[in-house]
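The entries follow in the order I made them.

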Amino acid sequence: EAVDSNGRFLGGLILPGHGIMLRALESGTAGLNVPTGEVREFPTNTSDALTSGGTYAIAGAVQRMAKHLAKHCGAEPRCLMTGGAGWKMQPFMGMPCELVDNLIFDGLLQIAASRQLQQQQL
């Protein structure tokens with residue numbers, strides 16, 4: 001998701017995660033069984049190649065969005081990562097990314113606090 005310095009939502013990307021990518025390759029390729037591999041710069045086996053390909057595809061999409069955002073806002077964006085695979089992706093992002101656990105819940109707490117403040121002002 002891209003948000004400008006005023007907090008305005010600019011848009012975002014929807015792309016498959018590792019699991020969906022691997023299942024799509026497994027179901028669409030005869031005889032391909034997808035075991036878990038390691039991320040490698042130059043994978044030499046199918047398992048590592050699949051894991052590396054998925055990781056670099058996701059990282060590349062985020063890097064592209066960061067470039068668009070930097071151009072649009074005229075400043076380098078702050079990248080926050082959350083979700084179950086954030087810790088897996090962070091080392092391979094190729095840019096500074098802050099890992100924030102439970103970002104969605106933090107946002108919900110902010111909304112709840114704001115509503116409570118509004119109720120108190122009434």
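I looked up Asp 48 and found it buried, because its relative accessibility is 10% (buried is under 20% relative accessible area, exposed over 50%, partly exposed in between, with a 1.4 Å probe and protein chains only). The model is predicted, so local features need pLDDT of at least 70 and side-chain atom pairs pLDDT 80 or more, while totals for chains, interfaces and linings use all residues. Residues are numbered from 1 along each chain as its sequence is written, and side-chain values use heavy atoms, without hydrogens and water.

I searched the whole structure for salt bridges (a side-chain nitrogen of Lys or Arg within 4 Å of a carboxyl oxygen of Asp or Glu) and got three.

Asp 48 pairs with Arg 40, the closest N and O atoms lying 3.4 Å apart. Arg 40 is partly exposed at 42%.

Asp 4 and Arg 8 form another salt bridge, at 3.7 Å between the closest N and O atoms. I noted Asp 4 as buried at 12% and Arg 8 as partly exposed at 49%.

For Glu 98 and Arg 78 I read 2.7 Å between the closest N and O atoms of their salt bridge. This pair links distant parts of the chain, 20 residues apart: Glu 98 is in strand β4 (residues 98–99) and Arg 78 in the loop between α2 (46–73) and β3 (80–81). Helices (H or I, at least four residues) and strands (E, at least two) are DSSP runs, numbered from the N terminus. Arg 78 is exposed at 64%, Glu 98 partly exposed at 37%.

Last, I checked Ile 104, in helix α4 (residues 103–121), and noted it as exposed at 61%.
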